[in-house]
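Please look over the model shown here.

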Amino acid sequence: MASAWWPCLILALLSGLAASGFPRSPFQLLGKRSLPEGVADGVEVYSTKINSKVTSRFAHNVVTTRAVNRADTAKEVSFDVELPKTAFITNFTLTIDGVTYPGNVKEKEVAKKQYEKAVSQGKTAGLVKASGRKLEKFTVSVNVAAGSKVTFELTYEELLKRHKGKYEMYLKVQPKQLVKHFEIDVDIFEPQGISMLDAEASFITNDLLGSALTKSFSGKKGHVSFKPSLDQQRSCPTCTDSLLNGDFTITYDVNRESPGNVQIVNGYFVHFFAPQGLPVVPKNVAFVIDISGSMAGRKLEQTKEALLRILEDMKEEDYLNFILFSGDVSTWKEHLVQATPENLQEARTFVKSMEDKGMTNINDGLLRGISMLNKAREEHRVPERSTAIVIMLTDGDANVGESRPEKIQENVRNAIGGKFPLYNLGFGNNLNYNFLENMALENHGFARRIYEDSDADLQLQGFYEEVANPLLTGVEMDYPENAILGLTQNTYQHFYDGSEIVVAGHLVGEDVNSFKADVKGHGATNDLTFTEEVDMKEMEKALQERDYIFGNYIERLWAYLTIEQLLEKRKNAHGEEKENLTAQALDLSLKYHFVTPLTSMVVTKPEDNEDERAIADKPGEGGDRDGERRCPLLQHQ
């Protein structure tokens, strides 16, 4: 399962463009300004367009901004876009006075020496860094001669993941000035048919509804358009500052007449699997909670609030226990107990009484919780057709008992033995998130950072809702033998209600007339098999109606998913295995022009009659302890 944060497409046009001398902080832009309309320090941004085409969950996004320097001297103009942490940049071009300077994706090491040379000469380097919870910020700047025009175009792609029953596109819009032609245009094509589509924005007034914002869907196609006029962008009738400042959200889902859907295009297939209406598999949950001294105050109070809400959602057939760790380990009960009304009431009293103390013994806390789940199964204390889950929350690093991350990881891996998933929640920034993520991935779970904010309790509860309703365990996706190359992950410990499993691969041979996919899994009451069969000739006919969407989307979806999974495996690999995974991911990144943690995009552009290179990097795996992931984006040579 991907370790990602949030299953959505996120796009933020943070500042469209900004000219040197123009205030960059959004807090500096809230008051009225006496600037000429749509012009900042002599630079007019006359067009900004965000164009998204989503085909079968795979999103192809192009952000284009055009500007002209109306000053009588050269100006430095910057282009800032925030994009999803899960997205891969695929292209960036600069066009100046009709001449286009394209980007080329290179192995990161090729660009590294150029960057180090620039830094050693005291030149500036830009950043692609984490921005808030879900975004990475892309920034590039160029000098524009008096009277000249410049166009910035950024393209990126990602696979939208289903989250709580829908796909979500979250756009943070903040152009910082009036733009003559501002437009968001989203086309969605889903062969299964679209069942719902909605769009809303935090800054939209009644005047904008129905006129600037339109949304529609029919059958397989959906469309959202946001095209405010100059007057509609004003924060007040006589203002020259923009009211476009906030969140723009699109949500949709597809029809699910059958449990799965297989699509085949140009020799590549994708299989979407999300059965509906199955009974929930009972779950046995070990909540392993950090109550060390650093959790004191707000963090512990928010944790308690979240746990109390989670207890409200526990079903009577579930089993649970609380394992608290500080310098030592304590438990609510000696073993797992059923979530009866009486036990839940007692659990609430226990949660309310939790107090912070001492150090942080992650190793012993986790091993106690894992042991409890193993014993419950061995001693038949829990239903035969139930599943186990470990949820661990900590706000720091281990500092007592076994404190070596690699040894804790080994102990946990051996104790779980591949039998159930581990989900790690890192509260705040003062922790080794890479360690938490690697340990969770190694045990078929994922890690999530909980941000120290007023909604931390809702973040915790939101995570729990993702894993609260397992519908299948031991899911295996089977395809024709010897007919597929490069199959992505096809076994999953759990399928959770509201999510979706996606598998892709490359078909071998031209003479395939039909394609069959079998999915097997353990349900709440019996073992289940789901079969999808595809007639290749019928599929070819269906292809003709989607010509207006980019045609190789399944091949690119396969490459995206394969790279994502190779990079995850690489986190826990060593030696030759890590080298092989790195080589595979690098080859695909270069072939499909993806900016990944292994590649950089180099753009050569004119500057004072000399070449200058802009380097766009994907931030590395994990992050600094302040939560930001930093790398070079722009260098002046």
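The report below goes from the whole chain to single residues.

This is a predicted model: local features need pLDDT of at least 70, side-chain atom pairs count only at pLDDT 80 or more, and totals for chains, interfaces and linings use all residues. Residues are numbered from 1 along each chain as its sequence is written, and side-chain values use heavy atoms, with hydrogens and water left out.

**Whole chain**

The protein chain holds 11 helices and 37 strands. Both are DSSP runs numbered from the N terminus: helices are H or I with at least four residues, strands are E with at least two. Of the 637 residues in the protein chain, 59% are buried. Buried means under 20% relative accessible area, exposed means over 50%, and partly exposed lies in between (1.4 Å probe, protein chains only). The protein chain exposes about 25,800 Å². Carbon and sulfur atoms supply 47% of that area. Accessible areas come from the Shrake-Rupley method with a 1.4 Å probe; for residues, only the protein chains shown count as cover.

Contacts here mean heavy atoms within 4.5 Å. Among contacts in the protein chain between residues at least 6 apart in sequence, 76% join residues at least 24 apart.

**Helices H3 and H8**

Helix H3 spans residues 298-313, and helix H8 spans residues 456-467. Their axes come within 8 Å and cross at roughly 35°. Axes are lines fitted to C-alpha atoms, for helices over the stretch in contact, and angles run from 0 to 180 degrees between N-to-C directions. The crossing of H3 and H8 is right-handed; that is, the near helix is turned clockwise from the far one by less than a right angle.

On the H3 side, the contact uses Gln-302, Thr-303, Glu-305, Ala-306, Arg-309, Ile-310 and Asp-313. H8 brings Ala-456, Asp-457, Leu-458, Leu-460, Gln-461 and Tyr-464. The residues of this contact divide into six nonpolar, three polar and four charged. In this scheme Ala, Val, Leu, Ile, Met, Phe, Trp, Tyr, Cys and Pro are nonpolar, Asp, Glu, Lys and Arg are charged, and the others, Gly among them, are polar.

**Single residues**

Phe-248 lies in strand S19 (residues 246-254). Phe-248 counts as buried because its relative accessibility is 0%. Leaving out residues up to four places away in sequence, Phe-248 touches several residues, including Met-169, Tyr-170, Ile-184, Leu-213 and Phe-226. Phe-203 is also among them. The C-alpha atoms of Phe-248 and Phe-203 are separated by 8.2 Å, and the two are 45 residues apart along the chain.

Asn-438 sits in helix H7 (residues 433-442). At 14% relative accessibility, Asn-438 is buried. Beyond residues up to four places away in sequence, Asn-438 touches Gln-409, Lys-571 and Asn-572.

Asn-526 is in the loop between strand S33 (514-522) and strand S34 (527-535). With 36% relative accessibility, Asn-526 is partly exposed. Asn-526 touches Arg-385 and Gly-521, not counting residues up to four places away in sequence. Asn-526 and Arg-385 are 141 residues apart in sequence, yet 8.4 Å apart in space, C-alpha to C-alpha.
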